[in-house]
Amino acid sequence: MSLGKNAMDNRRIPFSPPDISELEISEVCDALRSGWITTGPRTKLLERRLAAYIETGRTDIDCETPENTARFTSRVVCLNSATAAEELNLRILGIGPGDEVIVPAYTYTASASAAVHCGASVVFVDIQKDGDPVTHMPEMDYEKLESAITERTKAVVAVDLAGIVCDYERIFGIAERKKNLFRPRGSDGTPLGSLAACIQKSLGRVAVLADCAHSLGASRLFHEGKRRCGAIADFSSFSFHAVKNFTTAEGGASTWVLPPEVDGGEVYRMFQLLSLHGQNKDALAKTKLGSWEYDILGPWYKCNMTDIMAAIGLRQLDRYPALLARREVVIKEYDRICDRLGISHLCHHVPGSDSSNHLYLIRVPGISEKQRNEIIEKLAGRGVATNVHYKPLPMMTAYRALGWDIKDFPNAYDYYRNLITLPLHTKLSDDDVAYVCDSLEAVIGETRA
Ligand SMILES: Cc1ncc(COP(=O)(O)O)c(C=O)c1O
C-alpha cells in the first residue's frame with residue numbers, strides 16, 4: 001500500500017488493545033451463571049492448564065482427567081497480578097529487612113517494588129551497552145551483576161523483557177560462583193519461616209527470580225534441552241494484565257523449580273495461605289456443609305484470582321498459539337522495514353531462543369531524547385500510538401528518593417534515549433501493519449532530512 005493513500009485515511013492504531021473473542025465472553029457468562037465467581041474450579045483448571053503448557057508447550061491437554069489432574073496440580077498458582085506474584089515469591093523465600101535484591105535498572109517498577117514491599121533493599125545493576133549482542137534485549141551487564149553480589153544478597157531478578165528470555169545459564173553460573181558469600185536465613189519456627197529457611201538452605205546460593213511478566217510461552221535452549229519460561233528460574237512471575245499477550249484483565253501467576261528436598265505441595269499451600277488472608281480453608285472448602293470453621297495462620301495478604309478472571313484465561317489459552325503466531329507475522333513486517341531504514345530492533349527469534357513476541361522495541365541511531373519524543377508525536381499525529389519501554393528506574397522519583405542516580409547507569413540511559421516501542425498486537429490488520437511501516441518511514445525520513 002502506498003504512503004500517499006495511507007497518509008490520508010485517518011487511521012487510528014491503538015498501542016495494545018486486548019484481544020477478546022466471543023469465546024472469552026461466553027465463558028465469563030457461564031462463570032457468572034454458575035453460582036461460583038471467586039477462586040474456584042475455573043482458577044484451579046487454569047492453573048493445571050498453565051502448568052501443562054509450561055511443561056509441554058501444548059494448550060490442548062485435557063487437564064480434567066484424573067491422571068492429568070494429578071500430574072499438573074499444585075505446580076502453578078494463579079493470583080491477581082504479577083506484582084503480587086513477585087512479592088509472594090520473595091516472601092516464600094523469606095526475604096525481608098537487611099536483605100538485598102538485585103534488579104536491572106532497565107525494567108518496570110514492579111520488578112523492584114515487590115522487594116521494597118518486603119522491606120528488602122533494591123540494588124540496581126546497569127544493562128549491557130546496546131543490550132544483548134544478538135537479540136538487542138536490554139539484559140543486565142552480567143559482570144556488574146557478579147560484582148554487585150554481597151553477603152546480604154538474597155536474590156537476583158532477571159527480566160525477560162519484551163518476551164525474550166535472559167541468559168539464565170550465565171545467571172545461575174554467577175550465583176554458583178558467588179555461593180561462598182551466601183548466608184541462608186535460619187528458621188523462626190513458624191511454617192512460613194521454616195519453609196523459607198528450607199528453600200534458602202537447599203538452594204545454597206542467591207535465588208534466581210524471573211520476571212516473566214511478558215514471556216508466557218517463550219523458550220530458550222539449555223544444555224539439557226529447550227525450557228519454557230516458568231520452568232527455568234527458581235521462582236517465576238507472569239502478568240496477565242490487559243495489555244499482555246495473554247490476559248485475564250488483571251492477573252498473574254507464580255511457578256517454581258526447587259531442589260527435591262523442598263516439598264512443592266507445601267510451596268503451593270503457602271502461596272494459597274499468603275494470597276488468602278492466611279486462612280487455612282478457601283471459600284470453596286468453607287461452603288461445604290458443616291465446614292464453617294477455619295483458622296488464620298498468619299496476618300497475610302489478599303491477592304487471589306477470581307473464577308471470572310480465570311474464565312477469560314481458559315479461553316485465551318485455547319487461542320494462545322494462534323495469537324503468538326499472528327504476533328510473529330507482524331514482527332517479520334517490522335523487521336523488514338527497520339532493516340531497510342537502518343533502525344536497530346529487537347530480534348525475537350534467534351537460534352536457541354524463541355520469544356513470546358510481546359513488545360517491539362526500536363532504537364533510531366544518532367537521535368537525541370528530544371528527537372525521539374518528536375518522532376513519537378509525529379507518529380501520534382498520523383494516528384499511530386507508540387510507547388517507551390522503559391524510562392529506567394533510577395530516573396523515577398521513587399527510586400531517586402532511595403538514592404539512585406541515572407548517571408551511574410549510562411547504558412540504561414543510552415538505551416532509553418532513542419527508544420520507541422511500536423504497536424504490536426493481534427487486532428492489527430495487514431493493512432494496519434503496512435500503515436505503521438509507511439508512517440515510520442515517512443517520519444524517520446523527515447527527522448533525517
Ligand atoms: C516487566 C514487568 N514486570 C511486572 C509487571 C507487573 O505486572 P502486573 O500489572 O500484572 O502486576 C509489569 C507490568 O507491566 C511489567 O512490565
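## Ligand contacts

A polar side-chain atom of Asp 211 lies 2.7 Å from a nitrogen atom of the ligand, which is a polar contact, defined as a pair of N or O atoms within 3.5 Å; within protein, one must be able to donate a hydrogen and the other to accept it, and residues adjacent in sequence count only if both atoms are side-chain atoms. The model is predicted, so that local features need pLDDT of at least 70 and side-chain atom pairs count only at pLDDT 80 or more, whereas totals for chains, interfaces and linings use all residues. Residues are numbered from 1 along each chain as its sequence is written, and side-chain values use heavy atoms, with hydrogens and water left out.

Thr 83 and Ser 239 each face an oxygen atom of the ligand: an N or O atom in the side chain of Thr 83 is 2.5 Å from such an atom, and for the side chain of Ser 239 the distance is 2.7 Å. Taken alone, the ligand exposes 390 Å², of which the protein buries 90% (accessible areas by the Shrake-Rupley method with a 1.4 Å probe; for residues, only the protein chains shown count as cover).

## The shell around the ligand

Around the ligand there are 15 residues, each with a heavy atom within 4 Å of it. Those that come nearest are Thr 83, Asp 211, Ser 239, Lys 244 and Tyr 390. By class, the shell has six nonpolar, six polar and three charged residues (Ala, Val, Leu, Ile, Met, Phe, Trp, Tyr, Cys and Pro count as nonpolar, Asp, Glu, Lys and Arg as charged, and the others, Gly among them, as polar).

Helix H5, residues 82–92, gives the most to this shell, with three residues. Helices (H or I, at least four residues) and strands (E, at least two) are DSSP runs, numbered from the N terminus.

## The largest pocket

The ligand takes the space of the largest pocket; a molecule sits in a cavity or pocket if more than half of its atoms lie within 2 Å of its grid points. On a 1 Å grid over the protein atoms alone, a pocket is an open set with protein on both sides within 12 Å along at least five of seven lines, a cavity is a set of points where a 1.4 Å probe fits but cannot get out, and lining residues have an atom within 4 Å of a point.

The largest pocket has a volume of about 480 Å³. Its lining comprises 31 residues, and Tyr 108, His 214, Val 243, Lys 244 and Tyr 390 are the closest to its centre. H5 supplies the largest share of the lining, three residues.

## The largest cavity

The largest cavity has a volume of about 90 Å³. Among its 15 lining residues, Pro 17, Asp 19, Lys 244, Asn 245 and Arg 327 lie nearest its centre.

## Backbone features

Tyr 390 belongs to the loop between helix H13 (369–381) and helix H14 (397–400). The peptide bond from His 389 to Tyr 390 is cis, with omega near 10°.

Conventions
Grid points are joined across faces, edges and corners, and a volume is the space filled by probe spheres set on the points.
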